[in-house]
Amino acid sequence: MRKLIRRPGLSFLTCLLCAALLPSAPAYAFRVGDVELTPLFSVEERYDDNITSSESNELDDYITKLSFGLEATAPGKTQELSLKGGVSHEFFSKEDGYDN
């Protein structure tokens, strides 16, 4: 089986491109009756110099976090109900055994 080789610089460039394009994209929301549904998406890139938080045998890595979710908003007469939920996954560039 082939092992996927990830490059930290490529992940950073991908996140930078997404950050440049997403603010200019229109927000999409869907209505189901009075409830407004809004899809959520985010990408984070960070560097950690000690991913295991150990005092010895420190491991460093670049971590990319992708998050997806949905927000539901329903208006009332005097108040508004809003529910938000989502999932996320972290991809480690070098130490892929720590992906979660």
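Visitor: Which residue in the turn of the hairpin formed by strand 1 and strand 2 has a positive phi?
Guide: This is a predicted model, in which local features need pLDDT of at least 70, side-chain atom pairs count only at pLDDT 80 or more, and totals for chains, interfaces and linings use all residues. Residues are numbered from 1 along each chain as its sequence is written, and side-chain values use heavy atoms, with hydrogens and water left out. Strands here are DSSP runs (E, at least two residues) numbered from the N terminus, and two residues lie between strand 1 and strand 2 in the hairpin. The turn residue with a positive phi, of about 70°, is Gly-33.

Visitor: In strand 2, which residue is the bridge partner of Phe-30?
Guide: Strand 1 covers residues 30-32 and strand 2 residues 35-48, and the two pair in the antiparallel sense over three bridges, where pairing requires that DSSP finds at least two bridges between the strands. Within strand 2, the partner of Phe-30 is Leu-37.

Visitor: How many bridges join strand 2 to strand 3?
Guide: Strand 3 spans residues 61-75 and runs antiparallel to strand 2, with Glu-36 standing opposite Thr-73 of strand 3. The number of bridges joining strand 2 to strand 3 is 13.

Visitor: With which residue does Glu-36 form a salt bridge?
Guide: The structure holds three salt bridges, each being a side-chain nitrogen of Lys or Arg within 4 Å of a carboxyl oxygen of Asp or Glu. Glu-36 is partly exposed at a relative accessible area of 27%, on a scale where buried means under 20%, exposed over 50% and partly exposed in between (1.4 Å probe, protein chains only). Its partner is exposed, with a relative accessible area of 56%, and the closest N and O atoms are 3.5 Å apart in the pair with Arg-31.

Visitor: How many residues apart in sequence are the parts that Arg-46 and Glu-90 tie together?
Guide: The closest N and O atoms of the salt bridge between Arg-46 and Glu-90 are 3.2 Å apart. Arg-46 lies in strand 2 and Glu-90 in strand 4 (residues 80-92), so the parts that the pair ties together are separated in sequence by 44 residues.

Technical notes: Helix = DSSP H or I, 4+ residues; strand = E, 2+ residues; numbered from the N terminus.
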